[in-house]
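Take a walk through a protein model, one piece at a time. Keep the sequence and the 3D view side by side as you read.

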Amino acid sequence: MKKYILSILCMMAATMAAYAQNAILEEENNKVEVGNNGDFYIHTLQRKITLLNSKAEDYSDIHLTLNKMCETLGSFSGTITDKNGNVIRKIKKSELQKTEYSSDLASDYYTLYLDITPSTYPVTINYEYQVTCRKSFFVFPDFYPQNKYEMPVKKATYTFIAPSDYLWNYSIQNSKIQPQAQDTKGKKATTFTLENLPAITKQKYTHSFNYYAPRVFITPINFEYFKSKGSLASWKDLGDWQYKLANGRDWLTPEVEAKMKEATANCKNDKEKIAILYKMLRENTRYVSIQLGIGGFQPMQASDTWKYAYGDCKALSNLMKAMLKSVGIRSNLVSIGTRYKRLIRSLPATRQMDHMILEVPLEKDTVWLECTNPELPLGYIHSGISGHDALEFTEAGGRIVTLPDYPDEYNTNTTTVIDSIHADGSADITIIDDYEGQLYEDIFFDISKETPDKQKSYLVGAYRIPQAEDISISLEDKKEPFTTPHFITHLRARSQRYANITGTRLFVPANPIHKNTTYSKIDENRKEKIYMGNDQINIENITLVLPEGYAIEAMPASMKEEHPFGYFSSTFLPQGNQIIIKNTLKFKRGEYEVSMAKEINSFMQKMANYLNSRIVLKKQ
């Protein structure tokens, strides 16, 4: 929840203290060998990692997630040795524990795991295993040896062995390594090698970990997944496979179709029909994840989803497609990734997408429907998918499309404060916060479903109102279809200890909701560029009502700071017995050179000084 607009953004530049080096990946060797007919592969992995301290506990745990329909674990063994190479413990296959727990209602996957907590450090864990996968696959194991912060890699290899005529594809991310190929006895071995990788340091205002970590993705060109054959030669081919899986499953019974037509009979246009049917989807279904066999990619029959009143993202999107079809509105299913904004154009692969939505092309624009959570405003594209590449699939096959992204001005938080100050230092405070655009999401999911007591406690704590009494709150959820959503919070409270009294003077915080604002400097010697992902405008309109008999003795001057990365302005205007304050802050989304760290730090310091300044009132 983006609550105190300026204090949170003052903290934006905070860089997390760099962790000490926690572990060293000494060696990792992967070998994936494809069978002669391409209908199975064997993955052998050997991994040796040294844990340097207790912060590396998570680095030591062994987790293998397998599909019980097509993957089996063969051999497994391991040892734990001390710093002198003496064996502390041997690890056996029988020690691996199994769990089928997941957030899905039903899934083919299970996990074999072993949690290792050494009693002393450093220790070295060396383990190896072999997994066989038979048919039903369209990806091979990733090459992803550096999968943790603060873990350098000495050497890691991945050798892919397949028949010489076997067709496959790969993509190298965040590395310039060159694969080495060798032909042997009718097979071709291709090896990827990573050496001497420095640790990736965790700090704020950089991209996500996957933006820096080297990775190799490998896929077959032709595949069979639970008896369904397809091709990954192009995105068009992948879309064609997904279309055929879903084709004919947008069927509803005549009775349900009649219900849809009756509900939309008086609509004047397609958008009104979409709004009514979207509301029906929300009121008659719920999200449940089901990932069984081909069902991980093929949606349920729409009539069954309606009948049972639940489904996953595929099923709910397909149901909405069928509902729209019943009233003459065409739509397309679309696969999209929530983790990655851009699809790797050279590597068609389902692994890049983990979600499904619905595209409704209209005469003048296109509506994108998030059917998994229809509580979101209709026509609104949430932050998990806005601006993301996606795969639209139709009878013509697959086509990459990019969802609209919102301009910075769309995401605005406007705060209105009326602060009536009393001579005894107390104050009556009214705060109205309007969260617009994508800022709507944060407040909506943080507070809308909580109990009234928790909502009240949340707001009082967020605004840091000292000794708050007589608290009352109200909430407004304004999300009319096809309009910018707003979530508005109202809070009224009395603060018994708002201003400090010294003799005949009152020392009043110049900003009622940002007292004691602090920030941490960006490391000016960091290696990674500074990345700011926030794109929003924060506006505060504050009215301070002076107590009777007091006059302004001192107050801050107005200021304005503008830089390539953002701007901040603050104005103070006396009007009778009031002081009108307006603060505006914007950070511009983007990537900035490390050389700008000093300028950003200076900007943050000036802003913090302003937010912590005081107004002096003197009794006349």
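Start with strand β26, residues 427-436, where the side chains alternate. Ala-427, Ile-429, Ile-431, Asp-433 and Tyr-435 point to one face and are buried. Buried means under 20% relative accessible area, exposed means over 50%, and partly exposed lies in between (1.4 Å probe, protein chains only). Strands are DSSP runs of E with at least two residues, helices are runs of H or I with at least four, and both are numbered from the N terminus.

A word on the source. This is a predicted model: local features need pLDDT of at least 70, side-chain atom pairs count only at pLDDT 80 or more, and totals for chains, interfaces and linings use all residues. Residues are numbered from 1 along each chain as its sequence is written, and side-chain values use heavy atoms, leaving out hydrogens and water.

Which strands does β26 pair with? Nine bridges join β26 to strand β25 (residues 412-421), and the two run antiparallel. Here Ile-421 stands opposite Ala-427. The hairpin of β25 and β26 has five residues between the strands, and Gly-425 takes a positive phi near 90°. 10 bridges join β26 to strand β28 (residues 486-495), again antiparallel. Asp-428 stands opposite Arg-494 in β28. Two strands count as paired if DSSP finds at least two bridges between them.

Now step back to the whole sheet. Eight strands form an open sheet in the order β27-β28-β26-β25-β32-β36-β35-β34, with mixed pairing. Its edge strands, β27 (468-478) and β34 (559-563), each pair on one side only. The twist averages 10° from one strand to the next. Angles run from 0 to 180 degrees between N-to-C directions, and axes are lines fitted to C-alpha atoms, for helices over the stretch in contact. Within the sheet, 10 bridges join β32 (residues 536-545) to β36 (residues 578-587), which run antiparallel. Thr-543 has Ile-580 in β36 as its bridge partner.

Helices pack on this sheet. Helix α8 (residues 439-447) touches β25, β26, β27, β28 and β32, and its direction makes about 60° with that of β28. Helix α10 touches β34, β35 (566-575) and β36, and its direction makes about 20° with that of β35. Contact means heavy atoms within 4.5 Å.

What lies in the largest nonpolar core? This core has 53 residues, and Tyr-463, Val-508, Ile-530, Phe-603 and Ile-615 touch the most other members. Helix α10 (residues 597-611) gives the most to this core, with eight residues. A second, separate core of 45 residues includes Leu-66, Cys-70, Tyr-127 and Phe-192. A nonpolar core is a set of buried Ala, Val, Leu, Ile, Met, Phe, Trp, Tyr and Cys residues joined through side-chain atoms within 4.5 Å.

There is another eight-stranded open sheet, in the order β5-β4-β9-β2-β1-β10-β13-β12, also with mixed pairing. Its edge strands are β5 (87-92) and β12 (180-184). Five bridges join β12 to β13 (residues 187-197), which run antiparallel. Gln-182 stands opposite Ala-189 in β13.

Finish with helix α7. Of its 14 residues, 13 are buried, so α7 is largely enclosed by the rest of the structure. Gly-328 follows α7 and has a positive phi near 85°. Overall, the protein has 10 helices and 38 strands, and 51% of its 620 residues count as buried.
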